[in-house]
Amino acid sequence: MTPRLGSAQDTGPDVTTPEGGGSAAPPSGGGSRPVELAELMATVPLGMAIIDRELRFVEVSDAMAAMHGVSREAHLGQPMVEVLRAEPSAADVVRRVRRVLETGVALEGVEIIHRESGAHGERTRVYRASYHPVRRDGAIVAACIYVEDMTERRRVEAQRDAGAARERSVREQALRETQEAVRARDEFLSVAAHELRTPLTSLRLHLQLLLRQVGGSNQEPPAELAPRARVLDRQLSRLVGLVNTLLDVSRLAAGRLSLEPRELDLAQMVRQMAEAFSEEFNRAGSTLSLHVDGPLLGEWDSLRLEQVLVNLLSNAVKYGGGQPVEVSLASEGPTAVLAVKDQGIGISEDGMARLFGKFERAVSERHYGGLGLGLYITRQIVEAMGGSITVRSAQGKGSTFILRLPTRPPVPTKAAAGAR
């Protein structure tokens, strides 16, 4: 006989009988019968129990019985405190059931941790329980407990979290090592540049002194001396430029790039730089045309702005392929706009993405050389002046670098002032 909820002697509800008594009508079209509660309890994978108002087990699932280590039959009709006397959390479970029976308020997602001692040491099991009131005609007649064994899920989650923590630790260690390597590289560049600068300056001074002495003597200098001296001077100038570039990189890395803005005419500076580069353009078989109208006054660091122009014009000579180069300068309100356009090899889409990066080149180092720092430094200088630099290019169709600079320096923030 299947027990029903009722007196203290009753041991379980009969789910085959609808509320109000009587036998349940069989479903139409067949002789099948409704599932009884005992059958449900034998198959449900969750731990499930029904407790009456006297805190006795009315029904339990096989899964719940296995969790308690007591047979299902040994639960039915027995007080909770007797069945669960070996459970460390028995008092808490009874207290929660009593609370639900008294208040009618469900308790959801209560975590229960059991630590079990065995031959292989202590083992921890984790359960998640919910407590719900069972009502009949508006009155609370029982409490239902649902328990899910979370042990395996938590073990998997713990393994996943531990794996993620290890991966995070590896990434953080790799980041620290990379940062240290970059710091060591920048420090080396700074030291090397300073050490190289002194002998190069001395070499250049001695070369100039030698040329003056030869030119001032009564003897006619050998015909080949002058061109060779010019070659030496150009190579020394190139080495000095590379050293200064390395120094700039170290200053940028340390946040020590200083600017000293003063009033100047950008149009005049552009003309002067174009004249200074005329010989290089001639050697490259290229022509340089200027489109500069009148003076364009503003406050900029003259040395840094000259450095930017040198980088842009040098690139136009190097990558222009001997084709004509155009330089234009115009004023757009409070902004000076400079464009350097060549008709050379152009830049690929991949090269555009990394063009302004440190030690990056958009072309083969084997064919064009260089440190890959010119445009990086150019961008840093321009942005420090509150401006921007962009490029329009396509492979084989030349490049146009567009420089936008405010005619008045931006008001320095506290962070920028501290970096200087």
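In helix α10 of this predicted model, the buried residues (under 20% relative accessible area with a 1.4 Å probe, protein chains only; exposed is over 50% and partly exposed lies in between) include Leu305, Val308, Leu309, Asn311, Leu312 and Val317. Helices are DSSP runs of H or I with at least four residues, and strands are runs of E with at least two, numbered from the N terminus. Local features need pLDDT of at least 70 and side-chain atom pairs pLDDT 80 or more, whereas totals for chains, interfaces and linings use all residues. Residues are numbered from 1 along each chain as its sequence is written, and side-chain values use heavy atoms, with hydrogens and water left out.

Just after α10, glycine 321 adopts a positive phi of about 65 degrees.

Threonine 378 is located in helix α13 (residues 374–384). This residue counts as buried because its relative accessibility is 0%. Beyond its neighbours within four places in sequence, threonine 378 is in contact with Val308, Asn311 and Ile389, contact being heavy atoms within 4.5 Å. The side chains of threonine 378 and asparagine 311 are joined by a polar contact of 2.9 Å. A polar contact is a pair of N or O atoms within 3.5 Å; within protein, one must be able to donate a hydrogen and the other to accept it, and residues adjacent in sequence count only if both atoms are side-chain atoms.
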